[in-house]
Amino acid sequence: MRSLLIRGGRVIDPASNLDAVADVLLSDGRVEAVGDGFGTPDDADVVDAGGLVVCPGLVDVHVHLREPGGEHKETIASGTLAAVAGGFTTVCAMPNTDPPIDDPAAVGFVRAEGLRAARARVHPVGAISVGLGGERLTEFGEMVDAGAVAVTDDGRPVSDAGLMRLALEYARTFDIPVAAHCEVLALSRQGAMNEGIVSTRLGLTGIPNAAEDVMIARDLLLAELTGGRLHIQHVSTRNGVEMIRRAKDAGIRVTAEATPHHLTLTEDAVDRYRTDAKMNPPLRAAEDRDAVRQGLADGTLDCIATDHAPHHYDEKEQAFDDAPFGIVGLETALGLILTHVVDAGILSLPRALERLTIGPARALGLDAGTLRRGAPADVTVFDPSAEWSVEPKRFRSRSRNTPFAGWPLRGRARITIVGGAAVWDERA
Amino acid sequence: MTAPRLALGKDLVGLETLDAAQIRSILDTAEPFKEISERAIKKVPVLRGKTIVNLFFEASTRTRISFEFAEKRLSADTVNIQSTGSSVSKGETLVDTARNLEAMRIDMVVIRHGSSGAASFLAERIPSNVINAGDGRHEHPTQALLDMLTIRDALGRLEGVKVCIVGDVLHSRVARSNIWGLTKMGAEVAVCGPRTLMPAGIEDMGVRVFPRVEEAIEWADVLNVLRLQLERMQGGYVPTLREYNRVFGISNERLIAAGRNLLVLHPGPMNRGVEIDSDVADGEHSVILKQVTNGVAVRMAVLYLLAGGEPEKAEAAKGGAHA
């Protein structure tokens with residue numbers, strides 16, 4: 001295999017505390033060297049990265065690729081193309097497909113389709129319970145052997161506390177995290193948006209913060225009880241952030257995500273019944289958004305994850321109550337974070353990239369997210385000053401459901417490299 | 001010809017987006033239309049040649065009939081579509097129905113739908129005028145307009161009048177439209193009911209909250225008593241209807257204790273003996289049947305104005321000239 005030399009970019013590798021103009025040499029699918037002064041090997045292709053940022057390939061531990069069963073929304077091929085277009089080289093696929101990913105054969109299918117698409121790396125996440133039914137544990141061991149990196153019933157909570165305890169304990173056997181969608185259904189009551197003055201004005205059923213907080217509290221206590229690894233998905237509330245902060249201080253093994261939309265939007269985005277702003281957990285109040293930002297800044301929240309949730313146009317073109325939850329995120333995440341988190345002064349560029357690379361990789365135990373010698377040759381090269389505006393019709397995803405249409409953003413991926421090969425090159 | 005038109009806009013989706021002048025002009029326009037329903041021949045040619053579809057995705061008797069009378073008394077051609085179904089099929093029907101209506105070039109649509117936002121969803125997708133006859137828990141503007149007209153008839157004004165909305169505010173589109181309309185018209189508005197049936201942040205809509213109905217009665221000039229849907233008890237919002245009646249029911253004893261002449265409204269249909277006792281509903285405080293009569297006049301006014309009629313010409317229009 002030919003080598004690839006990325007020359008003259010600002011190389012930021014948060015995992016090794018590196019932030020300097022340097023060259024990156026990739027060969028045989030691995031990072032060979034980062035530095036300067038080494039010559040160009042004869043067989044190397046050269047990429048000029050002057051003025052660009054070179055960082056480990058971005059990692060998104062929370063995406064819905066919809067295959068099998070939802071191919072009208074997304075496929076593994078289209079979702080991973082959207083991923084690399086957005087700078088992501090690794091994605092973790094949620095199991096709430098139809099049928100769900102709840103056995104080793106299904107895990108193997110997702111992995112195989114990911115390899116066949118040959119874009120971003122796809123790590124399947126298996127279901128916690130058979131059929132996502134919330135009653136019986138799936139075969140964690142068999143699924144891990146087939147390639148699952150974690151388990152979750154994402155999209156719905158594990159309402160039975162006893163089952164969640166068993167999941168956290170059993171997952172220790174295989175040293176995988178249990179990823180939790182924290183929601184008490186009896187409190188969210190089929191709500192459609194955040195509970196507050198906006199839901200009152202629009203006459204929509206509200207989902208109170210407590211629906212999320214009560215479940216986060218329960219799962220943190222169960223993580224403490226069991227010693228299991230808990231990964232809390234899409235944290236959206238101020239109390240949720242605070243409880244995770246305290247749990248980490250107390251030594252509980254917990255990691256957590258923030259989504260780009262909970263970092264940038266509030267419940268006001270739902271005004272005029274915009275179904276593209278309908279997601280679960282819902283967009284919250286400004287104080288919650290600020291707490292999520294603070295949690296991301298101080299490391300309480302380990303990673304940024306998009307919760308990329310494609311839905312077909314027809315499904316969102318409905319009365320608000322009838323439209324499904326979720327928005328696409330892979331192709332807007334980097335620009336949103338650079339513009340509204342980094343440029344807004346909430347995190348420095350290296351810290352923001354940490355939350356997009358080594359942070360998520362560590363949370364799910366993935367061999368990814370760094371440019372250290374010997375690491376997989378997954379690299380994102382992006383232009384931090386490229387100005388563009390979000391045009392859903394240009395998405396590589398099969399779906400267009402985004403509340404960010406028309407937003408002007410600064411910064412976008414130019415070259416995305418997986419295993420030493422450029423799978424996305426916007427210069428072409 | 002340059003007289004300023006009332007800028008109601010294309011649609012009447014809710015009162016949140018109207019201002020006091022627009023609301024006042026609807027109420028003023030309703031005044032001359034009241035008389036048409038008192039005639040032996042209850043028909044004027046104001047909307048002759050206009051086609052109106054009454055699109056009801058939710059069961060309704062009185063609102064639909066009230067609209068239909070208003071339309072027929074203004075000589076419009078009307079079609080009723082009644083359709084109920086599951087949540088998902090409702091959604092699918094809505095977008096396709098919108099396209100079909102658009103293709104048939106109808107002039108106006110009156111829509112009742114179980115989902116909040118359904119009326120604006122339709123309004124944004126078709127060129128016809130859309131009138132919201134109730135969407136989920138969002139708004140029911142013509143109900144609030146007829147409530148306000150009835151209060152104004154009885155008390156001669158809205159400004160400074162103290163109106164308390166009693167009951168299930170959480171699930172009530174009537175409450176939301178009344179709160180918007182009344183506050184814009186300068187009335188003082190309060191709500192009263194069990195805390196389980198009060199929406200989050202209701203105080204931010206500019207209303208006071210009375211936990212106990214005795215305090216509300218003490219304060220108010222007008223009580224607008226909401227229907228307690230019987231399924232609220234199954235939902236656990238109130239333990240029993242008996243207790244609801246005992247704690248929040250409007251009874252003659254409670255009104256007498258206030259020692260003042262309160263006006264009692266109810267949007268109907270009533271659960272006698274639950275939120276309102278029969279002796280109140282049928283008694284001297286009640287203006288419930290006047291609300292029904294005013295409903296037709298208010299809906300005529302809205303139809304007339306959305307069709308391009310001018311408020312100051314309503315009197316002349318009903319004499320025979322076209323709007």
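The side chain of Arg414(A) makes a polar contact with that of Glu426(A) at 2.5 Å, a polar contact being a pair of N or O atoms within 3.5 Å in which, within protein, one atom must be able to donate a hydrogen and the other to accept it, and for which residues adjacent in sequence count only if both atoms are side-chain atoms. The model is predicted, so that local features need pLDDT of at least 70 and side-chain atom pairs count only at pLDDT 80 or more, while totals for chains, interfaces and linings use all residues. Residues are numbered from 1 along each chain as its sequence is written, chains are lettered from A in the order in which they are written, and side-chain values use heavy atoms, with hydrogens and water left out.

Arg414(A) lies in strand E17 (residues 408-418) of chain A; strands (E, at least two residues) and helices (H or I, at least four) are DSSP runs numbered from the N terminus. Contacts of Arg414(A), not counting residues up to four places away in sequence, include Val381(A), Phe382(A), Asp383(A) and Trp424(A), where contact means heavy atoms within 4.5 Å. Pro384(A) is 30 residues from Arg414(A) along the chain, and the C-alpha atoms of the two are separated by 9.9 Å.

Between the chains, 29 residues of chain B are in contact with 19 residues of chain A. The two chains bury about 1800 Å² between them, 46% of it on carbon and sulfur atoms; buried area is the accessible area (1.4 Å probe) lost by two parts on being put together, summed over both. Ten residue pairs, both members at pLDDT 80 or more, are in polar contact across this interface. Helix H3 (87-103), helix H4 (118-123) and helix H6 (173-184) of chain B each supply at least two residues of the side that touches chain A. H3(B) gives the most, with eight residues. By class, this side of chain B has ten nonpolar, nine polar and ten charged residues; Ala, Val, Leu, Ile, Met, Phe, Trp, Tyr, Cys and Pro count as nonpolar, Asp, Glu, Lys and Arg as charged, and the others, Gly among them, as polar.

Over all chains the count comes to 50 salt bridges, each a side-chain nitrogen of Lys or Arg within 4 Å of a carboxyl oxygen of Asp or Glu. Three salt bridges are counted between chain B and chain A. In one salt bridge, the side chains of Glu124(B) and Arg272(A) meet at 3.4 Å, N to O. In another salt bridge, the closest N and O atoms of Glu317(A) and Arg125(B) are 2.6 Å apart. This pair crosses between chains, from the loop between helix H11 (313-316) and helix H12 (333-342) of chain A to the loop between H4 and strand E4 (129-135) of chain B.

On a 1 Å grid over the protein atoms alone, a pocket is an open set of points with protein on both sides within 12 Å along at least five of seven lines, a cavity is a set where a 1.4 Å probe fits but cannot get out, and lining residues have an atom within 4 Å of a point. The second largest pocket holds about 390 Å³ of space. Its lining comprises seven nonpolar, four polar and seven charged residues.

The structure also holds four cavities of 30 Å³ or more. The largest cavity has a volume of about 60 Å³, a volume being the space filled by probe spheres set on grid points joined across faces, edges and corners.
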